[in-house]
Amino acid sequence: MVYIVGAGPGAEDLITVRGARLLKEADVVIYAGSLVNPGLLKETKAGCRIYNSAVMTLEEVVDAIRAAEERGLMTVRLHTGDPCLYGAVREQMDAMDSLGIAYEVCPGVSSFCGAAAALKMEYTLPGISQSAVITRMAGRTPVPERESIRSWAAHRSTMVIFLSAGLLGELSRELIAGGYERTDPAAIVYKATWPDEKIVRCTIEELEKAAAEAGIKKTALIIAGPAAAQTGYGRSMLYHPEFTTEYRGKSTAEKGKKE
Ligand code: SAH
């Protein structure tokens, strides 16, 4: 059996309880060494065979999984954050499907959640933005033209931009060409939840300069859009005393006022 497990954004204790249990039980662990905290491997059992997929091809990963399956061993394939984002997991799952290997997926805390926590930020502020666009600049992996940064920017939503820390000059230009103001707020979060996490707040126009000053070249998320200021929003209805929900009647204070 193979478990594709999300390791979380960095901090060792941000893996799920289920993911930690699977890691403890694993006979073989194949972890994404470029971004998974190696501290997570401390809890593996004696004799667990550990591979670093950063130095492997898809074929080598699949071969290691197949060899483990032939010996009846349990494999954990450990991906950074949550496997569903930029994890190249579909191709692994397809390879396992064609080999008749059974697998399950255990979710993880994505780095976009880790970054929001680091910034103490709510991406979806009433009256400002109710959408968070998760995207990236085109790199070696192309991005379909209809999903260009410029086209998303036209919505002035909150944008969380992965895999683009080396392209910040162009990113700023695209965001501004698409509809953001030069002075709209942005943030750069480097290694969110790791001990060496860094947070930089700047304007959209300043992204490249701000990252250079902080020495940030990779492993960062860019958060852009008016919500990054975290001000000027409207109060949510969810906890508003004048509104009832399925779970909560009118607050005592409010009842007192009306009666
Ligand atoms: N599946 C992962 C993303 C993998 S792609 C997830 O859910 O987070 C790798 C990119 O994710 C990096 O280039 C960077 O943009 C981002 N990233 C991963 N971990 C990060 C962290 N702790 N802090 C900031 N960005 C991170």
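A residue is called buried when its relative accessible area is under 20%, exposed when it is over 50%, and partly exposed in between, as computed with a 1.4 Å probe on protein chains only. By this criterion, 46% of the 259 residues of the protein chain count as buried. The structure is a predicted model, in which local features need pLDDT of at least 70 and side-chain atom pairs count only at pLDDT 80 or more, whereas totals for chains, interfaces and linings use all residues. Residues are numbered from 1 along each chain as its sequence is written, and side-chain values use heavy atoms, with hydrogens and water left out.

Along the principal axes, the C-alpha atoms of the protein chain fill a box of roughly 70 × 50 × 35 Å. A contact denotes heavy atoms within 4.5 Å. Among contacts in the protein chain between residues at least 6 apart in sequence, 66% join residues at least 24 apart.

Domain bounds were taken from an automatic or database domain assignment. This assignment divides the protein chain into domain 1 (2-109) and domain 2 (112-229), and the C-alpha centres of the two domains lie 28 Å apart. Domain 1 supplies 11 residues to the contact and domain 2 supplies 12 residues. Between them, domain 1 and domain 2 bury about 820 Å², of which 76% is on carbon and sulfur atoms; buried area here is the accessible area (1.4 Å probe) that two parts lose on being put together, summed over both.

Salt bridges were considered next, each being a side-chain nitrogen of Lys or Arg within 4 Å of a carboxyl oxygen of Asp or Glu. The count by this rule is 11 salt bridges, while the count between domain 1 and domain 2 is zero. One of the salt bridges joins the side chains of K42 and E12, at 3.1 Å from N to O. This pair links distant parts of the chain, with K42 in the loop between β2 (28-31) and β3 (49-52) and E12 in the loop between β1 (2-6) and α1 (17-25), 30 residues apart. K42 is exposed, at a relative accessible area of 59%, whereas E12 is partly exposed, at 35%.

Other salt bridges lie within helices. In helix α1, R21 and E25 are four residues apart, about one turn of the helix, and their side chains meet at 3.5 Å from N to O. R21 is partly exposed, with a relative accessible area of 43%, and E25 is also partly exposed, with 38%. The side chains of D63 and R66 form a salt bridge at 2.9 Å from N to O. These two residues are three positions apart in helix α2 (residues 58-70) and are therefore separated by about one helical turn. Both are partly exposed, D63 with a relative accessible area of 40% and R66 with 33%.

Aromatic pairs were defined for rings of Phe, Tyr and Trp (its six-membered ring) with centres within 6.5 Å; planes under 30 degrees apart count as stacked, over 60 as edge-to-face and the rest as tilted. The structure holds two such pairs. The ring centres of Y86 and F162 are 5.2 Å apart and their planes stand at 45°, so this pair is tilted. The pair links distant parts of the chain: Y86 is in the loop between β4 (75-79) and α3 (89-99), and F162 is in strand β7 (residues 158-162), 76 residues apart. Y86 is partly exposed, with a relative accessible area of 39%, whereas F162 is buried, with 9%. The ring centres of F112 and Y123 are 6.4 Å apart and their planes stand at 25°, so this pair is stacked. F112 lies in helix α4 (residues 111-119) and Y123 in the loop between α4 and β6 (132-136), 11 residues apart. F112 is partly exposed at 22% relative accessibility, while Y123 is buried at 9%.

Charges over aromatic rings were also identified, the criterion being NZ of Lys or CZ of Arg within 6 Å of the ring centre and within 35 degrees of the ring normal. K191 lies over the face of W194, at 4.2 Å from the ring centre. K198 lies over the face of Y190, at 5.5 Å from the ring centre.
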